[in-house]
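Trainee: I would like a close look at one part of this model, the nonpolar core and the aromatic pairs. Please take me through it.

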Amino acid sequence: MDSLGDGNHTAVTEFILLGLTNDPVLRIIVFMIILCIYLVTISGNLSTIILIRISSQLHHPMYFFLSHLAFADMGSSSSVSPNMLVNFLVETNTISYPGCAIQLGSAGFFGTAECFILAAMAYDRFMAICNPLLYSTKMSTQVCVQLLIVCYIGSFFNASSYTISFHFLLFCGANRVNHFFCDFAPLVELSCSDISVPEVVPSFSSGSVIVVTVTVIVVSYVYILLTILKIRSIEGRHKAMSTCTSHLTSVTLFYGTITFIYMIPKSSFSTDQNKVVSVFYMVVIPMLNPLIYSLRNNEIKRALKRAWQKNNFLVKTDIS
């Protein structure tokens, strides 16, 4: 820690992350669970990206966005999981001031990217079901790339609102962050400076992202539902709805936890409860998404089967 000019306080140059628990036995158990989840997350999402790239039958807008959702999931988990795993192995887990800013920004970037990509996927389903004749034109490769660029630019600006606000916070000695990563809320609690503007700006930015993306998703699915209800055959309705079930499951899980973390007043739940929900939001959901799409999507299951059969054929050819 460095001394401030007035000599009465010390400037914080690093933070101590208190983590999830101090119980030695529980730390080992949770370490093994988080490690397994992280390995499944990386392998599952990476496999999804590779499968979509190598399978020509998956070269459609929905799977284009799904591959980037998998990328965002890997980024979101990787921004917190490695450091959290280290926290279980050392007595005191410290993170530098720049490291804290990077972790805060990366978590914000990938979390926001997931919001935007889920909204883009809802719009894609709306175009596919409500405007099937115009789908190939309205969702061309160029349009998909443009939508994705907007997703990442919006994510960058929202993440920047957190990192810039973080740099405006002053810390005068207290550096024990009651969380497993550099989340903005516990950092604000440690600040000894005026937090009125630094606290409001990220809240406004994140709130705007949530309102915009939720509006796109809700409006898209209202039109989708109205279109499905107009389909006379039960088989046709089931086929149309089956293309949305995986996306709806991901949206429900993701926005359900976001609502708990950001919309419910902090006084109504404890810090430990917030940590558990954050683990689910940043660690568990990135693992679940590839499982949801692989288990509930027939096209992905067929692509997996073809890739598996092709691989077995090549192995047998090499052996013979």
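Mentor: What follows covers the core, then the ring pairs.

This is a predicted model, in which local features need pLDDT of at least 70 and side-chain atom pairs count only at pLDDT 80 or more, while totals for chains, interfaces and linings use all residues. Residues are numbered from 1 along each chain as its sequence is written, and side-chain values use heavy atoms, without hydrogens and water.

A nonpolar core is a set of buried Ala, Val, Leu, Ile, Met, Phe, Trp, Tyr and Cys residues joined through side-chain atoms within 4.5 Å. Buried means under 20% relative accessible area, exposed over 50%, and partly exposed in between (1.4 Å probe, protein chains only). The largest core has 59 residues, and Ile117 is one of those touching the most other members. Helix H4 (residues 97-130) gives this core its largest share, 13 residues; helices are DSSP runs of H or I, at least four residues, numbered from the N terminus. Leaving out residues up to four places away in sequence, the contacts of Ile117 include Phe65, Leu148 and Tyr152, where contact means heavy atoms within 4.5 Å.

Rings of Phe, Tyr and Trp (its six-membered ring) pair if their centres lie within 6.5 Å, with planes under 30 degrees apart stacked, over 60 edge-to-face and the rest tilted. That rule gives 17 aromatic pairs. Phe31 and Phe88 are edge-to-face, because their centres are 6.5 Å apart and their planes at 75°. Phe31 sits in helix H1 (residues 24-54) and Phe88 in helix H3 (residues 81-89), 57 residues apart. Phe31 is buried at 16% relative accessibility, and Phe88 is buried at 9%.

Conventions: Helices (H or I, at least four residues) and strands (E, at least two) are DSSP runs, numbered from the N terminus.
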